[in-house]
Amino acid sequence: MKPAQFDYVAAQSPDDVVAALADGTTHVLAGGQSLVLEMNFRSVRPRRLVDINGVAGFGDIALDPAVLRVGPLVRHRAFESDAVPGPLGVLLRRVAHHIAHPPIRARGTMAGSLAYAHPAAEWPALAAALDAEIELRGPGGSRVVRAGEFFTGPFRTARRPDELLAEVRLPLLPAGTAVGFVEHRRTRASFAQLAALAAVTVADGRVVAASVGLVNAADRPVRATAAEAALIGRALDDDAIAEAARAAARDDADPGPQPYADIAYQRHAVAVLTRRALTQARDGA
Ligand SMILES: Cc1cc2nc3c(=O)[nH]c(=O)nc-3n(C[C@H](O)[C@H](O)[C@H](O)COP(=O)(O)OP(=O)(O)OC[C@H]3O[C@@H](n4cnc5c(N)ncnc54)[C@H](O)[C@@H]3O)c2cc1C
C-alpha cells in the first residue's frame with residue numbers, strides 16, 4: 001500500500017524544524033525506517049512531514065569530558081565503528097550490531113528509535129540503563145528529560161507533538177567498566193524477543209557502579225534497579241550475578257502476554273539473559 005497524501009517540508013536549519021512542528025500535527029522524518037512503514041500501512045497518517053536529513057550538524061557526535069552528545073540524525077551504523085572510545089564505545093558497538101540489518105542501520109537513527117519507543121528496541125533500554133538525558137526543543141525553548149521519565153508506555157514518550165528530540169546525552173563509562181550485551185531474537189534481522197545489557201565498574205574487588213537494562217521485558221524499556229542493587233558492594237562472582245539475575249526477573253521485569261511465551265517463561269528468560277550479560281561483562285567475552 002502507498003501512504004495517504006501528505007505535505008512535505010525539507011528543513012535546512014533547527015529553527016526550520018521547530019517552526020514546522022509548531023502546528024502540533026507535523027511529524028519528523030529522520031531515517032524513515034519506522035515512520036514510512038507505518039505510513040504505508042496507513043496506521044499513521046501525518047498531514048505533513050518535516051524532513052531533517054538536510055540539517056547541517058544533526059548527524060554529529062560530540063565527546064565532552066563526561067558525556068557523549070548524539071545529534072538527531074546520527075544513524076545506528078555510526079556506533080558500529082570505533083568512533084566512541086572506551087567502555088561506552090564497546091557497549092554501543094555491541095548493541096548497534098543487533099539492530100535490524102545493515103541497510104536499516106545505515107538509515108535509522110538513535111534519536112528516531114527513542115522517539116518511536118518500540119518496547120523491543122535496543123537504544124531505549126540502553127538510554128534507560130545509563131540514565132541518558134534527552135533534550136527536547138519546542139516553540140518555548142529546550143527542556144531536558146531523563147530517560148527514566150521519557151518512556152511512558154509502548155510507543156509513548158514524554159515528547160510533545162511540537163517538540164524535536166534534539167540531542168541524546170549518554171554518560172561516558174569510567175575506564176575499567178566492563179560491559180555485556182546478550183539478545184535473543186527469532187532471525188538475525190528480527191526485533192529482540194528479549195535482551196539484557198550490563199555495565200559494571202569494579203574497584204578494589206567490589207562493584208561500585210552498575211547499570212543493567214532490559215529490552216522487551218515490559219511495556220517500556222527497563223532499568224533493572226533491583227539487579228543493580230544486588231551487585232553494589234559485592235565481588236562480581238557467580239553468586240552475586242545469580243542474585244542480580246533473580247532480582248531482574250522477579251522485581252524489574254514486568255512482561256505482558258506474548259504469542260511465543262507465557263509470563264513465567266519470560267521471567268525465566270530475563271534471569272538467563274541477565275546472568276549471561278553480567279557474565280560476559282565480567283569475563284570480557
Ligand atoms: C525490518 C525492520 C527491522 C527492524 N529491526 C529493529 C531492531 O531490531 N531494533 C530496533 O531498535 N529497531 C528496529 N527497526 C526500527 C529501526 O531501528 C528504526 O530506524 C527506528 O525505530 C526509528 O528510527 P528512524 O530514524 O528510522 O525514525 P523514523 O522512522 O524517521 O521516525 C520514527 C518516529 O519517530 C519520530 N522521530 C524521529 N526522529 C525524531 C526526532 N529527532 N524528534 C522527534 N521525533 C522524531 C518520527 O516522527 C516517527 O514518529 C527495524 C525496522 C525495520 C523496518
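**Notes on the ligand site**

1. Start with who is around the ligand: by class, the shell holds 15 nonpolar, twelve polar and three charged residues. Here Ala, Val, Leu, Ile, Met, Phe, Trp, Tyr, Cys and Pro count as nonpolar, Asp, Glu, Lys and Arg as charged, and the others, Gly among them, as polar. Keep in mind that this is a predicted model, where local features need pLDDT of at least 70, side-chain atom pairs count only at pLDDT 80 or more, and totals for chains, interfaces and linings use all residues. Residues are numbered from 1 along each chain as its sequence is written, and side-chain values use heavy atoms, with hydrogens and water left out.

2. In total, 30 residues surround the ligand (a residue is near if one of its heavy atoms lies within 4 Å). The closest are Val28, Gly32, Leu35, Thr109 and Glu122.

3. Now for the backbone. A backbone N or O atom of Ala30 lies 2.9 Å from an oxygen atom of the ligand, and for Gln33 the distance from such a backbone atom to a ligand oxygen is 2.9 Å. At Ser190, a backbone N or O atom is 3.5 Å from an oxygen atom of the ligand. Taken alone, the ligand exposes 970 Å², and the protein buries 91% of that (Shrake-Rupley method, 1.4 Å probe).

4. Which elements give two or more residues to the shell? They are β2 (26-29), α5 (110-116) and β10 (164-171), with helices (H or I, at least four residues) and strands (E, at least two) taken as DSSP runs, numbered from the N terminus. The largest share, four residues, comes from α5.

Notes
Polar contact = N/O pair within 3.5 Å; in protein donor to acceptor, adjacent residues only side chain to side chain.
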